[in-house]
Amino acid sequence: MNAFGRHSTRWARGALIAVAAAWFGMSAAYGQGSMTTVRLADQPGAEVDYAAVWVAEALGYYDKEGIRIDRKTYANGPAALLDMPSGSVDAVMAAIAPFMQFVARGGDLRMVMSLTKGNAALVGLKKYTSYKELDGKKVGTPGIGTIHDAILGYAEQTQGFKVQRVFGKITDISVMIDKGEVEAFIGWEPASAAAIAQSDKIHYIQQLPPIKNAESLELAFSPKMLKEHPDVVVRFVRATLRGIDYIGSQPKEKVAEILAKKMNDPKAVPVVLNAMGSVILTDPKIDMPSTRIILQTIAKQGKIPADLVKDVDGWVGKYVDYSYLEKAQASMK
C-alpha cells in the first residue's frame, strides 16, 4: 500500500471514530480512548443513598462515557461543599438543605439532577416508636447543616416536641446509642441499617421522613466544570441515568449485591436490602413540594434568611439547570 493509501485508511478510521462518538453523544476525544477524571464528593456510609452513581460505576457506564470517578469522601454534605470554591472537587453529591445554605452564603453551583428522595431514617432504642416519644431526649444528627437535622426540625415544628441535639459521626450510630450518649439518631443509608444490624437494642423508629416524597440528594457541578467541560457533565448524567434505569428494572437483590461490593462487604446484602426501604432512587427531578417544606423549615430554624423562602421555586430555580439532564435523556432515546 502506498503512502496515500495508508493516509486514506487512517483518515477513514478517524472519521468512523468521530461519527461513532457523535452518534452516541460522546466527544471525539473519548472515541480515541482518552478518559476524563471527575473529582466527586460524597459521604461515608452512603452507598445506598447514592446508589444510582455507584451502580453505574460498577456496571461500567462511566467507563463507556470516557469518565473515571475520583471519589472524595467528607464527613457530611456541608463539609464537602466547603471544598467546591477552591476547585478541589468538580461535583458534589449532597442534599438540598446544605446546597441551598451554601448558596445563601454566597456560594455558586448548579444542581443538574436529583439522586434520592427519603434518606432520613430515624433509628433508636426499641422502646420508641414515634418521633414525639423522643421529646426531651438526646437525639443524634450528622450535623446542623444536614438534611437530617432539617427533617428532625420539621418533625419538632409540626408535632410539638423538642429534642436535645447531639452531633456525631454517622458511622458511630450504634456505639453512641449503646453507650447511652443518645436515645436515637437520624441519618442516611446504609449507615442506619448497618447500625441496626450491629445492635439488637435498636430498630427503625421511622424509616421514611414525615414529609411525602421528601427531596434529599442532588448532583451538583461547579460553575468552572460546567463552563469548561459541558460535554463531560452530559456524559456523567447519562451514565447516572443508566444506573437509575438499572435500579428500576432489576430485582432489588441484584442491586443490593452491587452495593454490598461497593461497601467492600459482599455479606452485607441483607443490610443493603433493609436500607433500600429508606430511599427512592428513580426520580431524576427535584420534588418541589417537599423542597418548599424543607427550606421553609430551615428558615424557621434560622439557618437561612426568611426572605429567601418567600419564593422557593424562584430561588431554587436559579441554581438548577436541567439542560444537561434533558440532553442526556434525549441521547438515550
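Entry 1, largest pocket. I worked on a predicted model, and I read a volume of about 200 Å³ for its largest pocket. I listed the 13 residues that line this pocket and noted Gly45, Thr171, Pro190, Ala191 and Ala194 as the closest to its centre. I then checked which elements give two or more residues to the lining, and found α8 (173-178) and α9 (191-198). The largest share, 4 residues, comes from α9.

I found about 170 Å³ of space in the second largest pocket. Its lining also comprises 13 residues, and I noted Met84, Gly87, Val89, Ser222 and Lys224 as the closest to the centre. Helix α10 (residues 223-228) provides the largest share of this lining, 4 residues. By class I recorded 5 nonpolar, 3 polar and 5 charged residues for the second largest pocket.

How many cavities of 30 Å³ or more does a search of the whole structure find? I recorded 1. The largest cavity holds about 90 Å³ of space. I listed 16 lining residues for the largest cavity, with Gln43, Ala95, His148, Trp188 and Leu217 nearest its centre. I noted that α5 (77-81), β3 (91-95) and α7 (147-159) each supply at least two residues of that lining. The lining of the largest cavity divides into 9 nonpolar, 6 polar and 1 charged residues.

Definitions and conventions
Residues are numbered from 1 along each chain as its sequence is written. This is a predicted model: local features need pLDDT of at least 70, side-chain atom pairs count only at pLDDT 80 or more; totals for chains, interfaces and linings use all residues. Side-chain values use heavy atoms; hydrogens and water are left out. On a 1 Å grid over the protein atoms alone, a cavity is a set of points where a 1.4 Å probe fits but cannot get out, and a pocket is an open set with protein on both sides within 12 Å along at least five of seven lines; lining residues have an atom within 4 Å of a point. Grid points are joined across faces, edges and corners, and a volume is the space filled by probe spheres set on the points. Ala, Val, Leu, Ile, Met, Phe, Trp, Tyr, Cys and Pro count as nonpolar, Asp, Glu, Lys and Arg as charged, and the others, Gly among them, as polar.
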